Amino acid sequence: EGYRARDSSSDEDSEFQAEKKARLVQDQNVLNTVELMMHGLSYLGGSSIELKLENLSCFLSSLMESHKSDILRILESCVLEHPGHVSAYATFVGLANVRSYRFGGDCVQFMMMKLRYYVLQGEWLNVRVFLQFLVELLNCNVVTGASLIKLLNAFVADCEDPREPSAIADEQARRDWLALCVLSALPFVGKELDQRSGFSRLMITLQIHVKKRIPLHVPLLSLWRDSALLPQLDQLESLWNQVKTMEELQWIEPEHQLLPRPYLAFDERLSAALQHSVPKFEMPAHQRGWSYPQTELIFRIFDFRITSHEGLKLPPSLSIERYLLESQVLYVLQSHHLDRKKCAKHLLSIAASKPELAVCHSIVEVIFGEMLRLPKAAWSTINYGTILIELCRLQPYKVPPIVVRAANIIYSQLESMNVACFDRLVNWLSLHLSNFGFHWHWGQWSQDCLGYSYYQPKAIFLRELVGKCIRLSYYRKIATLLPQSMVRFLPALPHPHFKYIDPQIPGARLSEQLLEAMRDKESDLARISALLISAPEPTELCKINVFTQNCLHLSSKSFSHTSATLAKYLQVFKLLARGEAEQHAILDGIYEVWFNNQHFILVVVGKMIRMEVLLPKYVVSWLFGPPMRRELTKMYAWELLHVTVRFVQHPERLGPKQRPLIKEEPIDLTVTDSALRGILLDIVQRIIKILRSEPESPVGSDEYYRFQWILGRMQEVLFTYVDEYQKLGSKLSKISQDADLNKSIAKTIQAFLVYVM
């Protein structure tokens, strides 16, 4: 009987566990379905958004209480992942509020809790998205207008502060960003709030803030130095003017349904629901460590009068319609930039939904604007480039001509383009061409450069573009594709040069002996070292140069051969590279062998820094030394500079790649930060020294273009390491106040300090 009782109990436990497992599986399947349906609201294809919302609302009608926390969690992730579709998610909450007033209230409380959380975390992009979502809840009759106005006024309360923004660090950026959050939401609810108490105060606060601020960052962040053809305006000021125009026109609805309002299809049902008050909110005071997004400049290359081959036009450049269209494109880029196929698909779905507008022009314009944005782009150039490539493949007859047109417009403005964007443009176009067989209207561009000197921007651009294309392909292919008019921009064959073949050159005898010893398979490092010590060469630096060139000459067949040879003679190099002069001799040797192959110079120098043969500070002093002055107008010199600085930023990259499996001592971040600031300050001082040595020259001369190029490169360095240079603000300020400093140099540094301090 006891056995039978235990068996019965065991069977009951098994049945209970099986039922529990089945319920868990069922719950997970339900949640997966909910997540799939919610994310489906962000896709413009397939069935209509109204049908998707109706299906989702019906499906969740019986799950709102039992799965509330999971539904709210999924809703939060969807709102953050698809910020361009918050109106659809707000409509879902509105329909849920009709079915369950309690669920609607819990949703408002949850979203306000998340808004506070992201504010305290300093995640300001998420703060803007959640504010937009809460604003849309008013249109769905979920929250009251009075409580929403209080929330918006709480956001801009700092803008009412009579103190100058500079009184507190980051205060200008904080006020600008909070004002931008509110302004970007007003086109959606301005009409609903216009006659309510508190709205006029909100508009007056915004107006005073916009009018009293001085946008000193505009000249610094402008892509064009002095181009009247492509003006760039401050984003906040422009948006204020657009919102003010909407108010004067009684908040007339923008054309082409650029304000998505899916809730209008459910207006009768939503209007019957009860509303909730938005909980009281106070914006916390600025805290140490909070960093606010900087106000950007509006990027325009396509005028609204420009039409596509289908006769479509863009909205006027400064209209609210243009802003709203670009916002939709930007939201898609932010959500899907890591998945080029999905991103391109969503972007083209926007174009399909607005067949009366030249949306593809706007898409290309926004991508270029983000890619060339100053002080730095949000993502890598490859990221933007792959999205453009995918768009061209999906719409081969529509997008490629627009990309070509955009490239031509930017190329025509190269004379006044900020040098800090130059590398990104070269890297993008070379990547783009590599995916389409390097076919381009080379002849047309080369004709534009007839009579141009070596240092003029278009000549430098074509020279660097051809060089980068060769790096992505091979010399013979590019040389075959280029027309005769482009031959002058073709670099020399990327072959190594070994000067010690000439027996008359000092060091030739030692080179011959070393080559014989290094080719002898039975030779060891001791023999090599003995030859170097006993050699009667005139200087120690000559011996180092000879040894370096011999190593690179013997291993010039490939990167792998070079890497193996450097590893083989690592101890000899470390023995020779005792100080700055000795390391400069090694670098001179690398340059003399590979001056026709910039890629090899980058790889070899980077390898020797990693192997701790070369110290980054000595690589910097060599780069700005007399032998390399002419190379400073070439991209690879600055690429090498950034590679060198990255080794200082990340000292864990130094040494062998395969480290022993032992517990390593943690890296002292204080020492790393000190070393990084030291080398960055040294870089600026060396650039200024070179600029001071340049003679004052008339506009259009070679000397003028060279000065502007190096000055632009200094600005690029400041932008690239903006956080570190911000900490060096007092030292940079002292440098800029030097009475003997050229006005252009001082103005560049001072404009940067105004922007970051």
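Q715 is buried, at 11% relative accessibility; buried means under 20% relative accessible area, exposed over 50% and partly exposed in between, with a 1.4 Å probe and protein chains only. Q715 lies in helix α32, residues 702-720. Helices here are DSSP runs of H or I with at least four residues, strands are runs of E with at least two, and both are numbered from the N terminus. The model is predicted: local features need pLDDT of at least 70, side-chain atom pairs count only at pLDDT 80 or more, and totals for chains, interfaces and linings use all residues. Residues are numbered from 1 along each chain as its sequence is written, and side-chain values use heavy atoms, with hydrogens and water left out.

The side chains of Q715 and N418 are joined by a polar contact of 2.8 Å. A polar contact is a pair of N or O atoms within 3.5 Å; within protein, one must be able to donate a hydrogen and the other to accept it, and residues adjacent in sequence count only if both atoms are side-chain atoms. Leaving out residues up to four places away in sequence, Q715 touches L220, N418 and T748. Contact means heavy atoms within 4.5 Å.

D234 is also buried, at a relative accessible area of 4%. D234 sits in the loop between α10 (217-221) and α11 (235-248). Its side chain makes a polar contact of 2.6 Å with the side chain of R213. Beyond neighbours within four places in sequence, D234 contacts R213, P215, H217, V218, T295, E296, L297 and I298.

M518 belongs to one of the helix pairs considered next. Two packed helices are described by the angle between their axes and the distance between the axes. Axes are lines fitted to C-alpha atoms, for helices over the stretch in contact, and angles run from 0 to 180 degrees between N-to-C directions. Angles under 35 degrees count as roughly parallel, over 145 as roughly antiparallel, 65 to 115 as roughly perpendicular and the rest as oblique.

Helices α22 (residues 508-519) and α24 (residues 540-554) pack at about 45°, with axes 10 Å apart. They are therefore oblique to each other. From α22, the contact uses L510, S511, L514, L515, M518 and R519; from α24, it uses K543, V546, F547, N550, C551, H553 and L554.

Helices α4 (residues 86-99) and α6 (residues 124-139) cross at roughly 50°, and their axes come within 9 Å. This makes α4 oblique to α6. The crossing of α4 and α6 is right-handed. V86, S87, Y89, A90 and V93 of α4 meet V129, Q132, F133, E136 and L137 of α6.

Helices α27 (residues 580-594) and α28 (residues 598-610) pack at about 155°, with axes 9 Å apart. They are therefore roughly antiparallel. The crossing of α27 and α28 is right-handed.

Over the whole protein, the secondary structure comprises 35 helices and 0 strands. The C-alpha atoms fill a box of roughly 100 × 95 × 55 Å along the principal axes. Of the 757 residues, 54% are buried.

Methods:
Left-handed = near helix turned anticlockwise from the far one by under 90°.
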